[in-house]
Amino acid sequence: MIVIRELKDFPSLSHAVVTSGTFDGVHIGHQKILSRLIEAARQCDGQSVVISYWPHPRTVLHPEDSSLHLLSTIEERIEALRAFGVDYLLLLPFTREFAQLSSEEYIQQILIQAIGTRKLVIGYDHRFGKNREGGFDYLQQNAQRYGFTVEEIPRQDIDAVGVSSSKIRTALERGDVVTAAKYLGRPYSLAGTVVKGKQLGRTIGYPTANVEPQEKLKLVPAQGIYAVTVLTPMGRFKGMLSIGMNPTVQGTKQTIEVNIFDFEADLYGEEITLSFVSYLRAEEKFDGLEALTQQLHLDKVAALQVLG
């Protein structure tokens, strides 16, 4: 997949088949649209093109709203689209100026002049242009004038998978990582840098890597203990993860700490990726380190049963 970040750099294509959207999470609803996009491009020996935006439009249009939590960083979105087999990704910077483009300006400047669109594939509820004024009906009425055809993915096809980004966020916010994985088509992941913590875990036989998320807007699942897999520079390992306040040792802020099984290397400063497999239990306050250590032993047994 070729990633292009400026309109002027977009190449001339023989038959561009295009879709557009934020694609946060690239979940199974998005994948319905992407599958049809790639199929349509193959049918006409053309090229599949995804138009997406960064930063997320809501952060630009409503900067005062701190409630937005992303399912994917821009790097994760790029990799998910690449893995799906998209030919070209046009990643446009979303600004207030860009948001002022009318639907007609969007079509003329981006779809026609920059890309040379021959076919547009969109979801049933897709809107574009200033105040989301453009949609399928408008496109269909003007398709002949624009010189490209328009295909809408029917509502029943997308609704059949019963997924939306908000449903996935809700599942993660209650710790339901199994449902989130079902809707995403893969386990939810969180990437971050390993930073120094209190180093208490190593004194009780369960050393942990403290993870600082890369993207501040990335959604951190509910507090609790999870079975996870951990991608490190040395490979992928099994582990158990704690998200919480460490009440047993009077913690004062939320931390993300992972105990990686059968692993001894120094990870300080390294980037690792956590993939959530199962929620094990809620965070608890124990009567001292001995009781905590006994529970960690049980957590490890439970995690290994889940992870196999």
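Helix axes here are lines fitted to C-alpha atoms over the stretch in contact, and angles run from 0 to 180 degrees between N-to-C directions. The model is predicted, so to speak of local features pLDDT of at least 70 is needed, side-chain atom pairs count only at pLDDT 80 or more, and totals for chains, interfaces and linings use all residues. Residues are numbered from 1 along each chain as its sequence is written, and side-chain values use heavy atoms, with hydrogens and water left out.

**Helix 5 with helix 6**

- Helix 5 (residues 103-114) and helix 6 (residues 136-146) have axes 13 Å apart and pack at an angle of about 45°; helices are DSSP runs of H or I with at least four residues, strands are runs of E with at least two, and both are numbered from the N terminus.
- Helix 5 and helix 6 are therefore oblique to each other; angles under 35 degrees count as roughly parallel, over 145 as roughly antiparallel, 65 to 115 as roughly perpendicular and the rest as oblique.
- Ser103, Glu104, Ile107, Gln108 and Ile112 of helix 5 make the contact with Tyr138, Leu139, Arg145 and Tyr146 of helix 6 (contact means heavy atoms within 4.5 Å).
- The residues of this contact divide into five nonpolar, two polar and two charged; Ala, Val, Leu, Ile, Met, Phe, Trp, Tyr, Cys and Pro count as nonpolar, Asp, Glu, Lys and Arg as charged, and the others, Gly among them, as polar.

**Helix 8 with helix 9**

- The axes of helix 8 and helix 9 (residues 177-184) cross at roughly 155° and come within 7 Å.
- Helix 8 and helix 9 are therefore roughly antiparallel to each other.
- On the helix 8 side the contact is made by Lys167, Ile168, Ala171 and Leu172, and on the helix 9 side by Val177, Thr179, Ala180, Tyr183 and Leu184.
- Seven nonpolar residues, one polar and one charged make up the contact of helix 8 with helix 9.

**Pocket and cavity**

- On a 1 Å grid over the protein atoms alone, a cavity is a set of points where a 1.4 Å probe fits but cannot get out, and a pocket is an open set with protein on both sides within 12 Å along at least five of seven lines; lining residues have an atom within 4 Å of a point.
- The largest pocket has a volume of about 1,300 Å³, where volume is the space filled by probe spheres set on grid points joined across faces, edges and corners.
- Gly21, Thr22, His126, Arg127 and Arg132 are the closest to the pocket's centre of the 41 residues that line it.
- The lining of the largest pocket has 15 nonpolar, 18 polar and eight charged residues.
- The largest cavity has a volume of about 40 Å³, and its lining consists of Ser20, Tyr106, Leu111, Leu120, Ile122, His126, Phe128 and Leu139.

**Backbone geometry**

- Most residues other than glycine have a negative phi, and most peptide bonds are trans.
- The peptide bond from Trp54 to Pro55 is cis, with omega near 0°, and Pro55 lies in the loop between strand 3 (47-54) and helix 2.
- Asp45 has a positive phi, near 55°, and sits in the loop between helix 1 and strand 3.
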